[in-house]
Structure formats: structure tokens, C-alpha cells
Amino acid sequence: MSFFCLIDDKHVPLYRILWVSDLPHYCGSEDCEREGWYEVKLDAGEALWATREQRDAALEALESWQGGMSDKG
Ligand SMILES: [Zn+2]
């Protein structure tokens with residue numbers, strides 16, 4: 001099991017992720033480059049943009065990571 005997940009072109013440690021968007025981004029702006037991408041909020045006020053595949057993989061990794069933690073506790 002990986003401790004990192006790939007968001008955009010970055011390998012992000014799972015513990016840095018605060019939340020993951022359920023719906024793809026849409027703001028109505030014609031020159032928006034992130035329409036259809038999923039926002040991933042990190043600590044320190046940062047945010048990254050994930051494809052749907054990356055979003056799903058990140059959620060799966062987070063679930064097994066958190067599940068692994070509660071097994072120990
Ligand atoms: Zn936008």
C-alpha cells in the first residue's frame with residue numbers, strides 16, 4: 001500500500017489531504033483550464049487538481065490508509 005497518491009503530476013503524502021471534491025470543477029469561465037477536474041485541498045491552504053481517475057485512486061488510498069490506522073488502534 002502506498003503512502004502517497006498521484007495528484008496532477010505530484011506524489012502527495014496522504015496525511016496532507018484535507019478533503020477531496022465529489023463533483024468536477026465548473027465555474028462558467030470560458031478560459032478555465034480546470035473544468036472537469038476535481039479539487040484536492042491540502043493543508044497550508046494549498047489545493048491541487050486531479051483527474052477523475054486520480055481522485056478515485058486518492059480516495060481508495062485514503063480509505064485503506066485510515067482503515068489501517070484504525071486496525072492498530
Ligand atoms: Zn474554473
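Trainee: Why does His25 count as partly exposed?

Mentor: Its relative accessibility is 23%. Buried means under 20% relative accessible area and exposed means over 50%, with partly exposed in between (1.4 Å probe, protein chains only). So 23% puts His25 in the partly exposed class. Before we go on: this is a predicted model, so local features need pLDDT of at least 70 and side-chain atom pairs count only at pLDDT 80 or more, while totals for chains, interfaces and linings use all residues. Residues are numbered from 1 along each chain as its sequence is written, and side-chain values use heavy atoms, with hydrogens and water left out.

Trainee: What makes His25 a donor of the zinc ion?

Mentor: Distance. Donors are N, O and S atoms within 2.8 Å of the metal (3.2 Å for Na, K and Ca), and sites may look incomplete because water is not among the atoms. The protein donors here are His25 (NE2), Cys27 (SG) and Cys32 (SG), at 2.0 to 2.3 Å from the zinc ion, so they meet the cut-off. Along the sequence, the spacing of the donor residues is H-x1-C-x4-C.

Trainee: What makes strand 4 and strand 5 a pair?

Mentor: Two strands pair if DSSP finds at least two bridges between them. Strands (E, at least two residues) and helices (H or I, at least four) are themselves DSSP runs, numbered from the N terminus. Strand 4 and strand 5 have four bridges, in the antiparallel sense, so they qualify as a pair. One example: Glu39 has Trp49 as its bridge partner in strand 5. The two strands form a hairpin with four residues between them.

Trainee: What is the phi of Ala44, and where does Ala44 sit?

Mentor: Phi is near 65°, a positive value in a residue other than glycine. Ala44 is in the loop between strand 4 (38-42) and strand 5 (47-50). With a relative accessible area of 73%, Ala44 is called exposed.

Trainee: What makes Asp43 and Arg16 a salt bridge?

Mentor: A salt bridge is a side-chain nitrogen of Lys or Arg within 4 Å of a carboxyl oxygen of Asp or Glu. The closest N and O atoms of Asp43 and Arg16 are 2.7 Å apart, so the pair passes. Asp43 lies in the loop between strand 4 and strand 5 and Arg16 in the loop between strand 2 and strand 3 (17-20), so the pair ties together parts that are 27 residues apart in sequence. Asp43 at 28% is partly exposed, and so is Arg16 at 22%.

Trainee: How many salt bridges does the structure hold?

Mentor: Eight. Among them is Arg55 with Asp56, at 3.0 Å from N to O; Arg55 is buried at 5%, whereas Asp56 is partly exposed at 33%. Another joins Asp9 and Lys10 at 2.7 Å, with Asp9 exposed at 57%. Asp8, Asp9, Lys10 and Arg34 are linked in a network of salt bridges.

Trainee: Where is the place of Asp8, and what is its phi?

Mentor: Asp8 is in the loop between strand 1 (4-7) and strand 2 (10-13), with a positive phi near 60° although it is not a glycine. At 24%, Asp8 is partly exposed.
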